[in-house]
Amino acid sequence: MQRLNIALPKGRLGEKVYALLENLGYGCPGMTDGTRKLIFEDEGGVVRYFWVKPSDVDIYVERGAADIGIVGRDILLEHNPDVYELVDLGFGKCRMCVAGVVGETPNPNRALRVATKFAGIAKEHYAAKSREIDIIKLSGSIELAPILGMSDVIVDIVETGSTLKENNLEVKETICDISARLIANKAAYRFKNEEVAALAEKIRKAVAENK
Ligand code: PRP
């Protein structure tokens with residue numbers, strides 16, 4: 001048996017996924033102790049976990065530092081990594097949306113100013129509509145941009161909708177649904193196929209049972 005290297009997204013989603021993996025027999029001591037440690041391995045040689053920044057998970061997997069990982073579909077759409085997508089976990093459900101100030105309609109005769117963390121997704125969305133845009137790339141608190149008049153709209157994740165509501169913004173369009181995905185490195189999928197396939201199958205079953 002070969003040890004599986006697994007990249008987990010730091011934060012709530014990762015903790016939820018780890019709880020599922022622990023239940024499925026992939027537990028590892030110390031993982032939930034709240035220390036600053038980033039790598040954990042079990043004594044039995046089954047798994048090695050890394051806690052990584054959620055938007056970096058696909059990079060570790062694509063480059064083979066991790067054999068598999070759990071990542072939001074938003075990151076996959078934005079980065080387009082060369083990995084296999086194995087399972088939709090159905091966790092971390094949210095939507096990628098265009099949002100703007102309540103009641104406001106942007107001027108259709110000039111380039112639409114779009115503030116976002118997801119420049120790739122925004123460009124693709126508006127290219128499909130042949131709409132000219134001016135991307136304003138931000139790293140967080142995207143909602144501020146239209147409030148301050150810096151952008152006409154934002155392209156961002158909406159989960160409960162409360163951030164929009166509390167800032168007098170509304171969804172103008174839904175681009176796509178997002179949820180967490182299990183991804184695999186292409187070489188690991190071949191050379192550790194037994195281990196990867198077994199874990200993917202267990203997750204698939206658990207997800208189906210929870211539906
Ligand atoms: C995300 C997203 C929205 C918010 C949506 O931000 O960018 O701001 O969550 O959630 P809601 O619909 O439940 O209110 P995040 O918390 O990741 O912080 P950020 O501002 O750094 O992007």
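User: Which residues surround the ligand?

Analyst: A residue is counted as near a molecule if one of its heavy atoms lies within 4 Å of it. Here the ligand is surrounded by K117, G140, S141, E143, D156, I157, V158, E159, T160, G161, S162 and T163. This is a predicted model, in which local features need pLDDT of at least 70, side-chain atom pairs count only at pLDDT 80 or more, and totals for chains, interfaces and linings use all residues. Residues are numbered from 1 along each chain as its sequence is written, and side-chain values use heavy atoms, with hydrogens and water left out.

User: Which polar side-chain atom lies 2.6 Å from an oxygen atom of the ligand?

Analyst: A polar contact is a pair of N or O atoms within 3.5 Å. The polar side-chain atom at 2.6 Å belongs to E143. In the side chain of T163, an N or O atom is 2.4 Å from a ligand oxygen, and for S141 a backbone N or O atom lies 2.8 Å from one.

User: Where does the ligand sit?

Analyst: A molecule sits in a pocket if more than half of its atoms lie within 2 Å of the pocket's grid points. A pocket is an open set of points, on a 1 Å grid over the protein atoms alone, where a 1.4 Å probe fits, with protein on both sides within 12 Å along at least five of seven lines; lining residues have an atom within 4 Å of a point. The ligand sits in the largest pocket. Of the 41 residues lining this pocket, D74, C94, K117, I157 and E159 are the closest to its centre.

Technical notes:
Polar contact = N/O pair within 3.5 Å; in protein donor to acceptor, adjacent residues only side chain to side chain.
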